[in-house]
Amino acid sequence: MASTTLPPTAPPLQIHTTLASLRAWRRTQLLCSRRVALVPTMGALHAGHLSLIRAAAAENPSVVVSIFVNPAQFAPHEDLTQYPRTLDSDVAQLEKLNAALPPSSGRVEALFLPSVTEMYPSGIPLDQTQQRGAFVSVHGLSEQLEGVTRPHFFRGVATVCMKLFNAVQPDAAFFGQKDVQQTVVLRRLVQDLLIPVELRICETVREGGDGLAMSSRNVYLGDKRRGVAGGLYRALRAAEEVYKSGEGDRDTVLAAAEKVLENVGKDEGVTIEVEYLSLADGEELNELQALDGRGGAILSGAVRIMPAGERESPVRIIDNIILKAR
């Protein structure tokens, strides 16, 4: 009678809710000389997150995914309590992804689900003036663009990433290009504070035919507003085409985006408010006054899509394009 050999069963995904548990697991990886990658998230996982995890697993045998909705990057008037939380679905997606990864790839070995108390032992009221304890600020890169309307934001991002880097001690950490200012801030954080982690920035994953950048907050849009949400990306693409032509200066490039945005939502009865359009250098985020064609400049923008129905709230859309040398 022929025998049947069953494929080996992969160990179950380990879930860690405390630093002590995570660090005990991390020591086992260190003793085995296994590279560990970190993919930080706030949950409500979508295809963009999964693409980061695949990229991390392709290069590292062990991947840690963190899910933590970070209070420090929300202001008192922002949507901390409304931020989507889909833990059961998130865990199911990670397990499904692990099962689909090729044998030669790494896998998600650990899911880090810390509590607010675990991450902020001194407490974390949303009012920044009331916060106590140690925080990290990256000055000179955090005050412009997103930092104009969200002056608290990058302090919170830098602080929580520093905590995650210390907790996980990853060899590499993977982030998406959609949050381009965040990537610039974190590169400077790692450089200036001598953090031994390699930052890997992966391309933005887009949905539908209009190129809307994937975001957990897209679920707030609804059908009507979703139909116009790709307008920002279309505007940035129009500006990129002017840049590629080599015939326009800064004002002409940005004017191409403004022209597109003027008409976004009009036919659908949806109001779009432009927060900013920017053409900045990729290291200091200074607005460029002259274009030299060398590439690397960041063309970016943010819009607020205003409510189009009852019980809706404004939804911010951010996006960017890294201009290539022409």
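## Aromatic pairs

The structure, a predicted model, contains four aromatic pairs, a pair being two rings of Phe, Tyr or Trp (its six-membered ring) whose centres lie within 6.5 Å. Planes under 30 degrees apart count as stacked, those over 60 as edge-to-face and the rest as tilted. Phe74 and Tyr83 form an edge-to-face pair, with 6.2 Å from centre to centre and 80° between the planes. Both Phe74 and Tyr83 are buried, a term that denotes under 20% relative accessible area, whereas exposed denotes over 50% and partly exposed the range in between (1.4 Å probe, protein chains only).

The pair of Tyr120 and Phe135 is stacked, because the ring centres are 6.4 Å apart and the planes stand at 25°. This pair links distant parts of the chain: Tyr120 and Phe135 are 15 residues apart, each in the loop between helix H4 (116–119) and helix H5 (146–149). Tyr120 has a relative accessible area of 3% and is therefore buried, while Phe135, at 22%, is partly exposed. Ring pairs also join Phe68 with Tyr120 and Phe135 in a cluster.

## Basis of the model

Residue numbers start from 1 along each chain as its sequence is written. In this predicted model, local features need pLDDT of at least 70 and side-chain atom pairs count only at pLDDT 80 or more, while totals for chains, interfaces and linings use all residues; side-chain values use heavy atoms, with hydrogens and water left out.

Helices (H or I, at least four residues) and strands (E, at least two) are DSSP runs, numbered from the N terminus.

## Packing of H9 and H10

Helix H9 (residues 231–245) packs against helix H10 (residues 250–263) at an angle of about 150°, and their axes are 8 Å apart. Axes are lines fitted to C-alpha atoms, for helices over the stretch in contact, and angles run from 0 to 180 degrees between N-to-C directions. H9 and H10 are therefore roughly antiparallel to each other, given that angles over 145 degrees count as roughly antiparallel, under 35 as roughly parallel, 65 to 115 as roughly perpendicular and the rest as oblique.

On the H9 side, the contact (heavy atoms within 4.5 Å) is made by Gly231, Leu232, Arg234, Ala235, Ala238, Ala239, Val242 and Tyr243. H10 contributes Thr252, Val253, Ala256, Ala257, Val260 and Leu261. By class, the contact of H9 with H10 comprises 11 nonpolar, two polar and one charged residues; Ala, Val, Leu, Ile, Met, Phe, Trp, Tyr, Cys and Pro count as nonpolar, Asp, Glu, Lys and Arg as charged, and the others, Gly among them, as polar.

## Packing of H1 and H6

Helix H1 (residues 19–31) and helix H6 (residues 153–168) pack at about 50°, with their axes 9 Å apart, so H1 is oblique to H6. Leu19, Leu22, Arg23 and Arg26 of H1 meet Asn166, Ala167 and Val168 of H6. This contact of H1 with H6 divides into four nonpolar, one polar and two charged residues.

His49 belongs to helix H2 (residues 47–59) and counts as buried because its relative accessibility is 12%. Apart from neighbours within four places in sequence, His49 is in contact with Thr41, Gly43, Ala44 and Ser216.

Thr86 lies in the loop between strand E3 (62–67) and helix H3 (87–100); with 33% relative accessibility, Thr86 is partly exposed. Leaving out residues up to four places away in sequence, Thr86 touches Ala44 and Leu45.
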